[in-house]
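This briefing covers selected residues and secondary-structure elements of one chain. The notes are grouped by topic and can be read beside the model.

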Amino acid sequence: MSAFLSIVAIAECRLLSADWNWAIEAGAAIADATADARTTATIKGKILSSPDLPALGISVNTTSGRVTLSGSVASAELVSKAMQLALDTDGVQEVVSTIQ
């Protein structure tokens, strides 16, 4: 009987370990999503406060520190300005622009 209980205890420990790993991974994913949302909000705020950039004309999406800007502006100079605003934001690792 004691060998059986040992096997059950080992199986339960493995299950608990798997549950903890899942919880840790889920927590990390939530933290990443929160950081991305904060980065997106910060960049949108910068665009809103820039008088020469059309706040409604530029969309911002962030995934794992990679920012994608899309939409349309009046000149290549404004595309560069929007990209620089994004690059100057904490947590941004890369900026991709499809702004036209």
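Ser-64 sits in the loop that links strand S1 (58–63) to strand S2 (66–71). The model is a predicted one.

- Ser-64 is not a glycine, yet its phi is positive, at about 55°.
- Ser-64 counts as exposed because its relative accessible area, 53%, is over the 50% cut-off.

**Strands S2 and S3**
- S2 and S3 run parallel and are joined by four bridges.
- The chain gets from S2 to S3 by way of H2, and this β-α-β crossover is right-handed.
- Arg-66 has Glu-94 in S3 as its bridge partner.

**Val-79 in helix H2**
- Val-79 belongs to helix H2.
- With a relative accessible area of 15%, Val-79 is under the 20% cut-off and is therefore buried.
- Apart from neighbours within four places in sequence, Val-79 is in contact with Val-73, Ser-97 and Ile-99.
- The C-alpha atoms of Val-79 and Gln-100 are 7.8 Å apart in space, while the two residues are 21 residues apart in sequence.

**Thr-89 in the loop between H2 and S3**
- Thr-89 is part of the loop between helix H2 (76–87) and strand S3 (94–97).
- Although Thr-89 is a loop residue, it is buried, with a relative accessible area of 6%.
- A polar atom of the Thr-89 side chain lies 2.9 Å from the backbone oxygen of Leu-85.
- Setting aside neighbours within four places in sequence, the contacts of Thr-89 are Thr-39, Thr-42, Ile-43 and Lys-46.

**Thr-40 in helix H1**
- Helix H1 (residues 2–49) contains Thr-40.
- Thr-40 is buried, since its relative accessible area of 12% is under 20%.
- When residues up to four places away in sequence are not counted, Thr-40 touches Val-60, Asn-61 and Thr-62.

**Loop residues side by side**

How values were computed: Residues numbered from 1 in each chain as written. Predicted model: local features only at pLDDT ≥ 70, side-chain atom pairs only at ≥ 80, totals over all residues. Heavy atoms only, no water. Helix = DSSP H or I, 4+ residues; strand = E, 2+ residues; numbered from the N terminus. Buried < 20%, exposed > 50% of the residue type's maximum accessible area, 1.4 Å probe, protein only. Polar contact = N/O pair within 3.5 Å; in protein donor to acceptor, adjacent residues only side chain to side chain. Contact = heavy atoms within 4.5 Å. Pairing = 2+ DSSP bridges. Right-handed = clockwise from strand over helix to strand, strands pointing away.
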